[in-house]
Amino acid sequence: MFGIEFPIFAFSHCRDVVAAVSRAGGMGVLGALYFTPDELETELKWIDDHVGGMPYGVDVVMPASYEGADLGVDSPADLLARLQGMIPAGHREFVDALLAKHGVAALSGDDAGRALLGWTDATARPQVEVALRHPIALLANALGPPPADVVEQAHAKGVKVAALASTPRHATKQVEVGVDMVVAQGTEAGGHTGEISTMVLIPQVVDAVDVPVLAAGGIGDGRQMAAGMALGADGVWTGSIWLTVEEADTSEVVRRRILAATSRDTVRSRSWTGKPARLLKNEWTDAWEAADSPGTLPMPLQFMLVSDALRRIGRSDATELTTFPAGQIIGTMNQVKSARQVVFDMIEGYVEAMERLGRITAD
C-alpha cells in the first residue's frame, strides 16, 4: 500500500523521529495536535526536506463527539470564547489550589498554554488543509471516525486514511466512512485508549472489517510485533517507544522518568483531556481521583482548564506533578537508542520470533 520496507508505523510529535523512522524503512506519522496551522506548515516542510523521499503521515484529532459540537460555531476564536465561559469557577479554583500546594509559579502572559488546540472539528480542519498541501502518504484520525468529507478530500489527493479504534464497533463505523486502514489500539497504549486489551481486541477487529488492520497498544519489540501479526494484523502502530530515542525532543526530566518507570506506573485518567487516556501515574492523576476533586470536565473543556497548569508544571521543579501520555510498554524502555536502531531491533526480534515458531511447528 505504501511501498515501505517494514510495516512499522511510528506516531510522534517530533519531526526528527518521524523523518528518522521513515528513512529507516518504516513510516513516521507526525502528531499535528499541538501545532498551529502555521507551525504545522513549518514542521511538514522540514520533514519534506529531511525524509529522503520516503513516505510519512500526519495524525489529527477530530473527535466524533465533544462539548460545544452543537454550538454551530465555525470560527476557532469564537468557539474558544464560548467554551471558556462553560468552565466552572470551582474547577479553576481546584487547579490553582493544587499548583499552589506544590509551589508552582505563574506564567507570563506570553508563555501561557494553548487552551483549545486541535480537539474540535473547527480547529482540526485547518491542520488537515495544511497536511494535504504536502506529499503525505497517510492521514490518520486519533479519535473516532473522521468526517466523510475529510476522507474524500484525502482520497482526492491520493492520500490513504486511517483511524484508531478501541472496539470492533468503532472499527466498523470507520470503514463505513471510507477509511483505508484501521488501527486497533488496546488499552495498554499511551494516550486516548479504550478498555479492551490488545490480545483480545486485534482478532475481533480483524474479523469485523475487510481493510488492513494495524496492531497497537503495548507494542515495543519484535516479539510483540510478531504477536500482533499472528493475531491477523498487517502491521503495527507504535507510539511510546519513540519518547526516549536519541532524536526525540522529550525533556530530560520526562526521559529520566520514563526510563525509570515500570509498566504499573501508568493509569487511564480523564485529567488530561476529559476522555480516558493512559498517562504516567503521579500526584497530578491522583489529585483528580481524590475525594475533594470536582471531577473532570468533558473534552475539550478539561484540557482548556489545565493547559496553563501543565505548562506551569513543565517550567517548574514540581516533577511530582509532571504527567504525560505513556503506555505500559514503558516498563521495558530502559535505555536510549537511535530511532533507526529501534526499527532494526524490532525487525530482528520479529524474525527471531517467527523462526522460533517455525521450529516449533516443524517439530
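**Close-up views of salt bridges, cores and a pocket**

The structure holds eight salt bridges. The model shown is predicted.

**View 1. Salt bridge between glutamate 41 and arginine 133.** The closest N and O atoms of glutamate 41 and arginine 133 lie 3.6 Å apart. This pair counts as a salt bridge because the cut-off is 4 Å. Distant parts of the chain are linked by the pair, whose members are 92 residues apart. Glutamate 41 sits in helix H2 (residues 37-50), while arginine 133 belongs to the loop between helix H5 (121-131) and strand S4 (138-141). With a relative accessible area of 27%, glutamate 41 is partly exposed; arginine 133, at 58%, is exposed.

**View 2. Salt bridge between lysine 281 and aspartate 286.** A distance of 3.0 Å separates the closest N and O atoms of lysine 281 and aspartate 286. Lysine 281 is partly exposed, its relative accessible area being 40%. Aspartate 286 is also partly exposed, with a value of 36%.

**View 3. Salt bridge between lysine 337 and aspartate 345.** Here the closest N and O atoms, from lysine 337 and aspartate 345, are 2.8 Å apart. Lysine 337 has a relative accessible area of 26% and is partly exposed. Aspartate 345 has a relative accessibility of 25%, so it falls between the limits of 20% and 50% and counts as partly exposed.

**View 4. Nonpolar cores and the surroundings of tryptophan 242.** The largest nonpolar core comprises 69 residues. Ile8, Leu44, Val58, Leu139 and Trp242 have the most contacts inside this core. Leaving aside residues up to four places away in sequence, tryptophan 242 touches Ile8, Ala10, Phe11, Val17, Val21, Ala248, Ala339, Val342 and Val343.

View 5. Strand S5 (160-165) and helix H7 (168-176) each contribute at least two residues to the lining. Helix H7 provides the largest share, three residues. By residue class, the lining of this pocket contains nine nonpolar, 10 polar and five charged residues.

Notes:
Residues are numbered from 1 along each chain as its sequence is written. This is a predicted model: local features need pLDDT of at least 70, side-chain atom pairs count only at pLDDT 80 or more; totals for chains, interfaces and linings use all residues. Side-chain values use heavy atoms; hydrogens and water are left out. A salt bridge is a side-chain nitrogen of Lys or Arg within 4 Å of a carboxyl oxygen of Asp or Glu. Helices (H or I, at least four residues) and strands (E, at least two) are DSSP runs, numbered from the N terminus. Buried means under 20% relative accessible area, exposed over 50%, partly exposed in between (1.4 Å probe, protein chains only). A nonpolar core is a set of buried Ala, Val, Leu, Ile, Met, Phe, Trp, Tyr and Cys residues joined through side-chain atoms within 4.5 Å. Contact means heavy atoms within 4.5 Å. Ala, Val, Leu, Ile, Met, Phe, Trp, Tyr, Cys and Pro count as nonpolar, Asp, Glu, Lys and Arg as charged, and the others, Gly among them, as polar.
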